[in-house]
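Please keep the sequence and the structure open while reading.

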Number of protein chains: 2
Amino acid sequence: MQIASILITGANRGIGYELVRQLAAANPSPDFIYAGCRNPDGADKLKELAQKHPNVKILKIAIGDESSYQTAVQQVSQDIGDRGLNVLFNNAGILTNRKFHEVTAEEMRKDYEVDTIGPLMLTKAFYPLLKKAADSSQVKGLSCTRAAVLNMTSGLGLINSNTSGGFYPYRPAKIALNMITKSMSIDFKSDGIMAVIIDPGWVSTDMGGKNASATPSQCVDGILSVMAKLGEEENGKVKKWNGQTMEY
Amino acid sequence: MQIASILITGANRGIGYELVRQLAAANPSPDFIYAGCRNPDGADKLKELAQKHPNVKILKIAIGDESSYQTAVQQVSQDIGDRGLNVLFNNAGILTNRKFHEVTAEEMRKDYEVDTIGPLMLTKAFYPLLKKAADSSQVKGLSCTRAAVLNMTSGLGLINSNTSGGFYPYRPAKIALNMITKSMSIDFKSDGIMAVIIDPGWVSTDMGGKNASATPSQCVDGILSVMAKLGEEENGKVKKWNGQTMEY
């Protein structure tokens with residue numbers, strides 16, 4: 001897959017970090033891999049990667065703090081100019097697991113802020129750069145090579161997969177992001193920008209825990225294969241790391 | 001349909017008002033029809049109804065203001081005591097229609113607060129009364145006659161029906177409420193409380209506008225017929241006013 005530039009949020013750990021690591025090691029590797037994280041100073045593993053791979057650039061993006069988005073856009077613009085940004089991968093998220101009788105309004109707001117509003121507003125901020133990438137691309141149609149927004153969901157965020165209840169703050173915030181992605185897939189199409197929902201499955205990260213069914217390495221290996229094949233048919237759909245198309 | 005008690009939010013206009021009106025005119029009519037609205041002082045049409053029908057009780061419920069929920073619970077408790085509340089119909093909602101390039105984080109928060117968090121927190125507040133109704137009911141299984149939470153969605157809140165994009169604050173807030181209803185349908189089942197998503201279709205209310213395909217009267221007539229038939233098979237599903245089961 002030939003992606004000239006990609007930005008990944010929540011890149012300091014878990015699936016986000018692994019995406020940056022595998023993309024940096026890939027051949028060909030993107031010209032620019034932007035690793036967004038809340039606190040670059042404390043992102044030691046990312047700093048190591050960036051030292052080895054000069055195409056890895058660490059960006060401060062604090063999801064929920066819109067002022068950090070504009071600063072990030074300016075930094076990326078200075079590097080890539082008129083080539084634009086090919087892929088924005090909204091990977092950052094939080095999972096608050098509360099049962100019905102425990103959940104508070106404040107917990108509901110927090111997950112929505114980070115898991116739903118954050119990716120939407122970040123996409124708004126980067127839209128001009130995505131549009132530039134789509135406009136300047138040699139390829140037509142929809143693809144990650146041209147321009148794409150990828151939004152990370154979760155099996156817990158799929159309403160048709162909800163057979164166990166609970167997770168009151170997290171599930172609605174993630175299905176809401178799925179809905180937003182579906183709207184984006186329609187609204188962005190004429191600009192040549194794709195929008196796809198990525199389901200990473202259950203992964204042994206800090207969020208997923210030890211009993212998960214795949215390692216971050218296996219999951220990301222799968223996601224990168226999926227990304228390479230995404231096109232018009234997958235626009236607005238849920239694609240799982242193993243290539244399966246999931247019901248919303 | 002024999003429902004002893006029902007609470008409807010957003011009852012001062014549109015579908016909410018029509019639900020109260022038709023239930024008050026029904027034979028048999030519920031013993032208690034609680035008409036929740038933000039500002040009872042200004043709810044002239046509701047006041048007229050309540051004067052004609054002593055079983056219509058106006059309650060101040062300001063969605064988003066949790067303190068108003070507890071006061072409402074206390075008022076209802078005093079009336080119905082150990083019989084509990086049979087049906088909580090979360091009908092109140094707002095629709096903010098913004099395109100991608102216009103939408104703000106604040107607009108996203110507002111619709112989520114009213115359309116998603118509000119119904120969840122109101123259901124938490126009334127849960128003990130719903131449980132009392134389920135426990136004291138002569139009938140077993142799931143039904144509106146026993147105990148139910150009905151959450152109002154919209155065709156715009158169904159991800160599988162989203163073919164036109166846009167409506168960034170409203171669509172995700174409504175699909176989030178659908179997800180919450182799905183979780184409720186699983187979590188409440190062992191207590192004998194049903195949870196169903198109601199899709200009113202496109203109705204000529206202040207929200208729906210003049211071009212809508214059904215009048216409030218037609219829509220509510222349909223919803224009441226649907227409610228009479230709801231049972232275990234419909235638990236957690238989307239039921240449209242005309243009886244159709246919709247995809248999420």
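Two residues are in contact if their C-beta atoms, placed from the backbone, lie within 7 Å. Helices (H or I, at least four residues) and strands (E, at least two) are DSSP runs, numbered from the N terminus. This is a predicted model, in which local features need pLDDT of at least 70 and side-chain atom pairs count only at pLDDT 80 or more, while totals for chains, interfaces and linings use all residues. Residues are numbered from 1 along each chain as its sequence is written, and chains are lettered from A and ligands numbered from 1 in the order in which they are written.

**Sheets**

- Strands count as paired if DSSP finds at least two bridges between them.
- Chain B has an open sheet of eight strands with mixed pairing, ordered S3-S2-S1-S4-S5-S6-S7-S8. Its edges are strand S3 (56–60) and strand S8 (245–246) of chain B; each has a single partner strand, so one side of each is left without a neighbour in the sheet.
- In chain A, eight strands form an open sheet, again mixed, in the order S3-S2-S1-S4-S5-S6-S7-S8. Strand S3 (56–60) and strand S8 (245–246) of chain A stand at the edges with a single partner strand each, so each has one side without a neighbour in the sheet.
- Strand S1 (residues 5–8) and strand S2 (residues 32–37) of chain A are parallel and share four bridges, with A:Ile8 opposite A:Ala35 in S2(A).

**Strand pairs in chain B**

- In a regular strand the side chains alternate between the two faces of the sheet.
- From strand S1 (residues 5–8) of chain B, B:Ser5 and B:Leu7 point one way and B:Ile6 and B:Ile8 the other way; all are buried (20 or more other C-beta atoms within 10 Å of the residue's own; exposed means 12 or fewer, partly exposed in between; C-beta atoms are placed from the backbone).
- Four bridges link S1(B) in parallel to strand S2 (residues 32–37) of chain B, and B:Ser5 stands opposite B:Phe32 in S2(B).
- Strand S5 (residues 148–152) of chain B runs parallel to S6(B) and is joined to it by five bridges; one bridge pairs B:Val149 with B:Ala195.

**Helix H6 of chain B**

- The buried residues of H6(B) are B:Pro216, B:Cys219, B:Val220, B:Gly222, B:Ile223, B:Val226 and B:Met227. They cover an arc of only 160° around the axis, which puts them on the same side of H6(B) (the arc is that of the directions from the helix axis to the C-beta atoms).
- The cover over these buried residues includes H1, strand S6 (194–199) and strand S7 (238–240) of chain B.

**Contact between the chains**

- Chain B gives 32 residues to the contact and chain A gives 31 residues. Helix H4 (105–136) and helix H5 (170–187) of chain B each supply at least two residues of the side of chain B that touches chain A, and H5(B) provides the largest share, 12 residues.
- Of the 18 residues of H5(B), 16 are buried, so H5(B) is largely enclosed by the rest of the structure.
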